[in-house]
Each structure stands twice: as structure tokens, then as C-alpha cells.
Amino acid sequence: MSSTLKRKAASSVDASKKVKTGGGNASITSFFGAPKVVSSSTNGSAPRVESPAPTFDKAKWVASLKEEQRELLQLEIDTLDDSWLAHLKDEVTSKEFLDLKRFLAREMAGPKKIFPPPQDIYSWSRLTPFHSVKCVILGQDPYHNINQAHGLAFSVRPPTAPPPSLRNMFVALKKDYPSFQPPANKGGLLTPWAERGVLMLNTCLTVRAHEANSHANRGWEKFTQRVIDLVAQKRTRGVVFLAWGTPAGKRVVKVDKKRHLVLQSVHPSPLSASRGFFDCGHFRKTNEWLVTRYGEGSEIDWNLEPTAAPKNEKDDKKKKEEETADQTKKEEPTPVVTVGKVEQKNGNGVVEESKVLEDEGEEGAVETNGEKN
């Protein structure tokens, strides 16, 4: 059975280094089940109940939009997960957001490529529905080179190698969990985290190719702040916010720290990581808090190695029977068709640090007072 990185509830410091094995959803109902009362002993306040999801008739809402609104918001209608759209429907019809969409329409009609591809701008919402959020990792600007940005902060598509900040995140994870396994083929795809409840959200959701921060101050900041505020306000049972660097720290100033866990550190960029990021212990602390708040089974499996089916005696027996049947069967063989198996090797090689910093999106900003801004 492959190792996973789910933190076991234990009181000793040594126990925090142990890695739980097994599937990542062992007690998933303890986190995503029916609304439960939060014990007053967790924060000293009166018990609260998780806010129920709002009733949302999407078809009725779309029908209520004006023609121009429907045209401008077609991407949101088609690709923003309904669990988020139910909460954000008033935000996307605001004047500021519609002005942002008009700007983006002009940009996408222009000569420059816009990243990520339109269908990926809201991939964070589909991979991490609102009711599934356990942890929020805040980024800045999307990566702005080809085959990088795909809607999740810090994540890159294969065969792109992980940029320096992501590599430093892997180093910190390895310190928290020695059995941590990064993506195969030296990749940087973080979609497994998103599917396990880690919302990886950038401050801006689009960028012009090869031009860092080119879509800053156009309206995305207000929209993504609303996303953060929604999580803080509606996920009343509590989530973990990971804010690395000064800009991310400003995003979580209003988060109720009695209800949620807010962990702050310097940015994982090579410009600042050596000043405390590697030893911040945020990945382990996240799981410790989730276990304390929700019980064992609510931890996040941080591993990124290819997922293998859990092994047990029945699986082993069935596999042996199938192998035996294959060996004894002498009749005419059944043709075997392999569908969609494509191996891609990382052709990027080792990229010099200075070059990668220039090419990174969310990490490729101006350094001010030792922090990335």
C-alpha cells in the first residue's frame, strides 16, 4: 500500500511525523456530512451550525439576465461550478465584474494569448466545490507562459517542471512528512489536492502571455476577495487559510481566527523562502488542526504520487485468480485495446533560477521590502 500523508491525531511531537496509510477519504462524512453544531469549547463562543447551501435555480437565474449580461457571463454560466455560482450570482452581475468581462472580451479578441485557457479560468471551482473546502492556499498572478496556468494557484500542467516556489513547497512538505511523494516525472500538477478540498486561488484569474500582472487592478481582486470572504463567512465549522507573503496576508486580515486557522509565513519564492518558509510546518499544522476540529479522517492527503487502488486480501486473491486464468487460457486471445495511455517526458530539463523567476506568474512580481508583491 502506498504511503499517504494524512495526519494521525496524537498529542506528542514525534507522532506528527507519522504518516497514515489508506484512502484519502476514510471518514469523509465527518467533514462533508449533514450540518453539525460546533462545540463552544473550540473557541469559547456559543455553538454554531454550518450554513446550509442556498437554494439556487440556475435556469431561472439565467433567464432573468439581460441579453448583454448573458453574453458577458456565458463563461461563468458554463464553467463556474453551481455550488459557487449560487453564492456569487450577485457578484458576477455587479457593474465592476461586468466591466471586467468587457475588458477580457477585448483582450481575448486581441493578438496576445490569455492564460489560462478560458475553460480553465474557473477550474478551481469545479475541482473544489464550495461545500468541500477544507483549506485555502492563496496565490497571486497566474503563470504567464505556455502550458503552465490552468486555474489552480502554484500548479502547472505536465510536462512542465515545477517552478522554484512549488519546488520549495515540496521541500517544506518533505520536512513535515518524510514519505511525501511529488508528482511523477518531476511534474507540478496539484489537482489531487484540489479534489481533496484544497482551494488554490489566485488573486487575479487571468494574465496576458509573458506579461506578469497585466490583468491586475481590472476587477479580479474584488471578485476573488469575495470568494475568500464567502469561505470565511459561510464555512462556519472552520477551514485553514495558508497565506504566504505580504499580499496573501492582506487577503486574510478579516478572517475570524477563532473560527478558522490562519497560518502565515514568508512566500515560498527563492527570494524569501530561506527566511522561514522551509520550517513553517504549515502542511502538518493544517492536518493537526483538522483532526482536532473534525476528528481523524478529516486530514488532507498531501501525496501527489499516482493513486493506486487500496490493497487488501480480497484484491490480492482476485488478482491471483485473474493471473491464473490468463496463464491457463489457451484459446484464441481476445484483442486488447489500450485507450488514452500517453507517456510524456519532462523536456524542460533544469531551468536556471533567474530565468524561472522571470517566467513565473504568481511569483514573478516586484520585490518590495523583501516580499513579493
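Predicted model: local features only at pLDDT ≥ 70, side-chain atom pairs only at ≥ 80, totals over all residues.

Reply: Residues are numbered from 1 along each chain as its sequence is written, and side-chain values use heavy atoms, with hydrogens and water left out.

Me: What percentage of the 373 residues in the protein chain is buried?

Reply: The chain has 14 helices and 12 strands, where helices (H or I, at least four residues) and strands (E, at least two) are DSSP runs numbered from the N terminus. Buried means under 20% relative accessible area with a 1.4 Å probe, protein chains only. Of the 373 residues, the buried share is 49%.

Me: How far apart are the end C-alpha atoms of helix H6?

Reply: H6 covers residues 95–109, which is 15 residues. The expected span is 1.5 Å times one less than the number of residues, so H6 should span 21 Å. The model agrees, with the end C-alpha atoms at 21 Å.

Me: Which residues of H10 meet Glu 96, Phe 97, Leu 100 and Leu 104 in H6?

Reply: Phe 97, Leu 100 and Leu 104 are among the buried residues of H6. Those buried residues pack against several elements, including helix H10 (220–234); contact here means heavy atoms within 4.5 Å. On the H10 side, the residues they and Glu 96 meet are Trp 220, Lys 222 and Phe 223.

Me: Why do H6 and H10 count as oblique?

Reply: Axes are lines fitted to C-alpha atoms, for helices over the stretch in contact, and angles run from 0 to 180 degrees between N-to-C directions. Under 35 degrees is roughly parallel, over 145 roughly antiparallel, 65 to 115 roughly perpendicular, and the rest oblique. The axes of H6 and H10 come within 9 Å and cross at roughly 130°, so the label is oblique.

Me: Which strands stand at the edges of the open sheet?

Reply: The sheet has 4 strands in the order S7-S6-S9-S10, with parallel pairing; two strands pair if DSSP finds at least two bridges between them. Each edge strand has a single partner, so one side of it is left without a neighbour in the sheet. The edge strands are S7 (198–201) and S10 (261–265).

Key. Buried < 20%, exposed > 50% of the residue type's maximum accessible area, 1.4 Å probe, protein only.
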